[in-house]
Amino acid sequence: MVKDIVPKAKAGLPADFLWGFATAAYQIEGATTADGRGPSIWDQFCATPGKIADGTSGAVACDSYHRTAQDIALLKKTGARAYRFSVSWSRIIPLGGRHDPVNPAGVAYYVQLVDDLLTAGIVPFVTLFHWDLPEALYRRYGGFLNKDEFVADFAHYARVVFDALGPRVKHWITFNEPFCSAILGYHLGIHAPGHTSDRTRSPVGDGSTEPWIVGHNILIAHATAVKVYREEFKAQAGGEIGITLNGDWTEPWDPDDARDHLACERKIEFAISWFADPIYFGHYPASMVSQLGDRLPRFSQEESRLVAGSNDFYGMNHYCANFVRHRDGPADVLDIAGNLDILMEDKFGRAIGPETQSAWLRPHAPGFRKLIKWLSDRYGRPKIYVTENGTSIKGENELPMEKILQDDFRVEYFRSYIQAMAEAVAEDGCDCRGYMAWSLMDNFEWAEGYETRFGATYVDYDNGQQRYPKKSALEIGKIFGQYIGKV
Ligand code: GBH
């Protein structure tokens, strides 16, 4: 019967769509004491017993500092058009500050990396900050908590990198996931520098205030770096700059309860709009202002004007979705999510997606299309680069290498998520211009150590760091081939 046929959604991506892979400095580079690099808060955190699941650190990681040629060959093999990597601040300025010396060897490493990528025909996306704050700045003045010092030092560091890499880089990302620096680093205490109100975990921290101060100061630092780029480099370099924000999709725990629908919206506001509303509108979302009151810092008029309009594009990191159930009564002073429960199953016991190796990650591709549309509607159809998307696989690390290389679960994840994005473009009119899979290769997965593999490439850490592309690394280009040029 004709009326039962659900029309297939249109799906397509523009001809010049940039797809590729992402990594981050501390997760892949290793060589943490090479050529004058200074320590970061992650070196310190990893050295603290009990913080990393397998007791490891990024000291060696994938040794990419010494293996960029191999990494670039790998990228070429996949057919990637773009590569997103981050710069280690303490390689560039070992002590971090604006009056501290610049390390020429650190600068030279990234200049060479960019040159080699361009020679290989791969477009670099450069992230200035992916969580590895110079340890010296944390000791000197408390890092992110000291607005004036942190903002001035970040702006200086950004200027040094803009200047060194010059017009060869056209795509800049200031901060990766400030949510994580604030919440994981200053609330849960599971990321460096490990602040939390939980005294069984750490002697320092106040999770009711510090995350909101950290978030605020990062917003000002982001906007200040953007101002530096626009005023001193953009005219000549012709590039673009933005921030990368993480955020999951939400579905109501009880689809018939309007309060769960409202809670879904609030959860996204607490994760994403916390940063995106100031960046697009100059103020925090009303839901956060009303729940957090005076604990949420206020923007001065000058700050608000600085931050509003500070994105040339929206950098979107996206992995999964959750069910959300409202909570009754006033929010706890330590609540960071919007006074709600985040669940893997709905009222009827249906799971949002299959389990992975990461407790927080359940694939749910339809949520990707919905969140792209949500962002597009709320923020005036910004140009979007998906700067991370990927999955771990339950038990992957226990498998023999031959099995790991057949990562059909990851292939299916990429296939369904890329299709969802292509529908958001072709069907919903959203403006997605690029996509970087997380990650190019297995790497140091922060507090999870090396037990959780997010790579499209297997890294044999025990046998000379050889890289073996998994099936997903080779399939992803074919998947993109089905959509690119179809809108
Ligand atoms: C990304 O963040 C990171 O940018 C990347 O470095 C990392 O390797 C990748 O994820 C894979 O993990 O601890 O239960 O409170 C993804 C977004 C947001 C996911 C915070 C984990 C914390 C869940 N992250 N979330 S929990």
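Predicted model: local features only at pLDDT ≥ 70, side-chain atom pairs only at ≥ 80, totals over all residues.
Which residues does D346 touch, not counting residues up to four places away in sequence?

1. Contacts of D346. With residues up to four places away in sequence left aside, D346 touches W253 and F323. D346 itself belongs to the loop that runs between β9 (340-343) and α14 (366-378).

2. Strands β6 and β8. F323, one of the residues touched by D346, stands in β8 opposite E251. Strand β6 (residues 249-252) and strand β8 (residues 321-326) pair in the parallel sense, with 4 bridges between them. In a regular strand, side chains alternate between the two faces of the sheet. In β6, W249 and E251 point one way, while T250 and P252 point the other way. All of these β6 residues are buried.

3. The barrel. The model contains a closed barrel of 8 strands with parallel pairing, in the order β1-β2-β3-β4-β5-β7-β10-β11. From one strand to the next, the twist averages 25°. I243 is placed opposite Y314 of β7.

4. Helices on the strands. Helix α7 (residues 147-165) packs on the sheet, where it touches β3 (123-129), β4 (171-176) and β5. The direction of α7 makes about 160° with that of β3. Helix α17 (residues 471-483) lies across β1 (18-22) and β11 (431-438), and runs at about 160° to β1.

5. Packing of α8 on α11. Two packed helices are described by the angle between their axes and the distance between the axes. For helix α8 (residues 178-186) and helix α11 (residues 258-281), the angle is about 125° and the axes are 10 Å apart. Because of this angle, α8 is oblique to α11. The crossing of these two helices is right-handed. On the α8 side, the contact is made by P178, F179, A182 and I183. On the α11 side, the contributing residues are F270, A271, W274 and F275.

Definitions and conventions: Residues numbered from 1 in each chain as written. Heavy atoms only, no water. Contact = heavy atoms within 4.5 Å. Buried < 20%, exposed > 50% of the residue type's maximum accessible area, 1.4 Å probe, protein only. Pairing = 2+ DSSP bridges. Axes fitted to C-alpha atoms, helices over the stretch in contact; angles between N-to-C directions. Parallel < 35°, antiparallel > 145°, perpendicular 65-115°, else oblique. Left-handed = near helix turned anticlockwise from the far one by under 90°.
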